[in-house]
Every structure is written in structure tokens, then in C-alpha cells.
Amino acid sequence: MELAEFQSESNNTNQKFVFYTRKSPQSLASYHNVSEFTGVFNWTMTYRRDSDIPLLYGRIAPEELSFLSPEDVLLSPIVAWMASDCNTTSQRELYVKELKNYIEVDVYGECGNLTCDGPQCYDILLRNYKFYLSFENSLCPDYVTDTFFTMMDRDVVPVVYGGADYTQFAPIHSYIDARQFKPEELATYLKFLDANDTLYGEYFWWKDHYQVTSSEENMWRNSFCDLC
């Protein structure tokens, strides 16, 4: 449908149009001028929390469940990162490059020299790491993708780098915000936690009280139920 025809259809009061996207504006800019659609849509359905229908990549909700206690967590001293986009608007790759000057970081995928394939890749990798770099490719409000929730559902501490207020998505002291540190400072802090099992284990305090839901099925079910 051409834009003019679409705009004409949007004037039909019996028809509702929903602007849907899972991508950040920075990602969309390369192939869409979103401003052309101003006034066309009735509702929004995106990753942002202020959307009419929030389409969140994951949720962390209070619930009494049985998780590993901190003393049961396998502790090992290496940082891991998996990425395929190595030239991002967030410039996360530059942060990682500098971070590697101060602490060992194993990089998997197109941005590194290590590989890991298959649906169980995260489980296999994270048996050997204490920290995972959950770095977003765009620094946009509320843009928190599935990688963060995947890591939160495992026994590893996510180190986040994004434009969101992560306190709105996860319990306090359950992740480390890289944007609060210079790379050298972050490396020093991670080494400090690595040397202190008790302090590292405190990042898992929330596991007995919250449940992570991050599957595609849950994402669609929650959002489309809201839409209906």
C-alpha cells in the first residue's frame, strides 16, 4: 500500500492502525523515514514502556520460586560477549575494545575469534563465565533486548550498556551498569567481585523472589493480549 493510500485509509474511523516495531529508531533510520507516518497510526506497539501496547523483550516479575542460592553458583573469572554487529550507533564495540586492555574478555561471533553454535550455546558458554556483556547496539529509552533477559535467567551477572533505565526492568543489584564506569574502572570492579565470592553472590539475591520470562511465546502472548 502506498503512503498516500495508507493515510487515506487511516481516516476511516472504523479501522484502527497499529505502529509495530521491535527495532530502535536508530536501526529503522537506515530504511524508513518514520516521520512520514506522523498522525497515521492510532496506537503504538513497540519495546518502549510508554507504548499503547508495550512489546517487551522480557519481564521480571515477583514470584516465590526455587533458584540456585549464591553459594551454589559456579564461580569462574572470565568475561564473555557474543555479538554479530560490530559497527553500532552505540559504539559498544569501542567500549569492549578498551575494556580488553584491562581484563580478559572472550568474544564470540562476528566481532571476535571464538564461535558457539546451537540453541544451547548460552548454557554451554555461561558455565565458564561470571560476567556477560549485555551491550545494546542502540542507546535508546527503554531499548532492552532479549539478550539481557536471557542472561538474567541464568547464573551469570549481566553487565549492561544501553539507553534504558534498567531499574524499571530488573531488581536493584542484579546487574552492573557499564555506563556508570569508565572501562578501566569497570575492569577493576569486576576483578574485585571475582576475588570476593560473597560480594559476587549478592548479585543473585533476587533469584528466590522473581521469575524471568523472556521467550518469544511470552512476548507475543503478553502484548497481543494487551492489544485485544
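F131 is in contact (heavy atoms within 4.5 Å) with I78, V79, A80, V156, V157, V159, I176, L190, L193 and Y200, leaving aside its neighbours within four places in sequence. F131 is also among the residues with the most contacts inside the largest nonpolar core, which has 24 residues. The model is predicted: local features need pLDDT of at least 70, side-chain atom pairs count only at pLDDT 80 or more, and totals for chains, interfaces and linings use all residues. Residues are numbered from 1 along each chain as its sequence is written, and side-chain values use heavy atoms, with hydrogens and water left out.

**Overall composition**

- The protein has 8 helices and 9 strands; these elements are DSSP runs numbered from the N terminus, helices being H or I of at least four residues and strands E of at least two.
- Of the 228 residues, 40% count as buried, where buried means under 20% relative accessible area, exposed over 50% and partly exposed in between, with a 1.4 Å probe and protein chains only.
- Among contacts with a separation of 6 or more, 72% are between residues 24 or more positions apart.

**Nonpolar cores**

- A nonpolar core is a set of buried Ala, Val, Leu, Ile, Met, Phe, Trp, Tyr and Cys residues joined through side-chain atoms within 4.5 Å.
- In the largest core, of 24 residues, those with the most contacts inside it are V105, F131, L133, F135, V159 and I176.
- Two or more residues of this core come from each of β4 (79-82), α3 (92-99), β5 (105-108), β6 (131-135), β7 (157-161) and α6 (183-194).
- The element that gives the most to this core is α6, with 4 residues.
- Apart from this core lies another, of 13 residues, among them F149, Y166, A170 and Y175.
- In soluble globular proteins, nonpolar side chains tend to be buried together.

**Packing of α3 and α6**

- The axes of α3 and α6 are 8 Å apart, and the helices pack at an angle of about 60°; axes are lines fitted to C-alpha atoms, for helices over the stretch in contact, and angles run from 0 to 180 degrees between N-to-C directions.
- That angle makes α3 oblique to α6, since angles under 35 degrees count as roughly parallel, over 145 as roughly antiparallel, 65 to 115 as roughly perpendicular and the rest as oblique.
- Y95, E98 and L99 of α3 make the contact with P183, L186 and A187 of α6.
- P183 lies in helix α6 and is buried, because its relative accessible area is 10%.
- Leaving aside its neighbours within four places in sequence, P183 is in contact with Y95, E98, L99 and Y102.
- P183 and V96 are 87 residues apart in sequence, yet 7.8 Å apart in space, C-alpha to C-alpha.

**Loop residues**

- D142, in the loop between β6 and α5, has a positive phi near 70° although it is a residue other than glycine; with 9% relative accessibility, D142 counts as buried.
- H173, in the loop between β7 and β8 (176-177), is not a glycine but has a positive phi of about 55°; its relative accessible area of 35% makes H173 partly exposed.
- D155 lies in the loop between α5 (146-152) and β7 and counts as partly exposed at 27% relative accessibility.
- D155 and Y203 are 48 residues apart in sequence and 9.8 Å apart in space, C-alpha to C-alpha.
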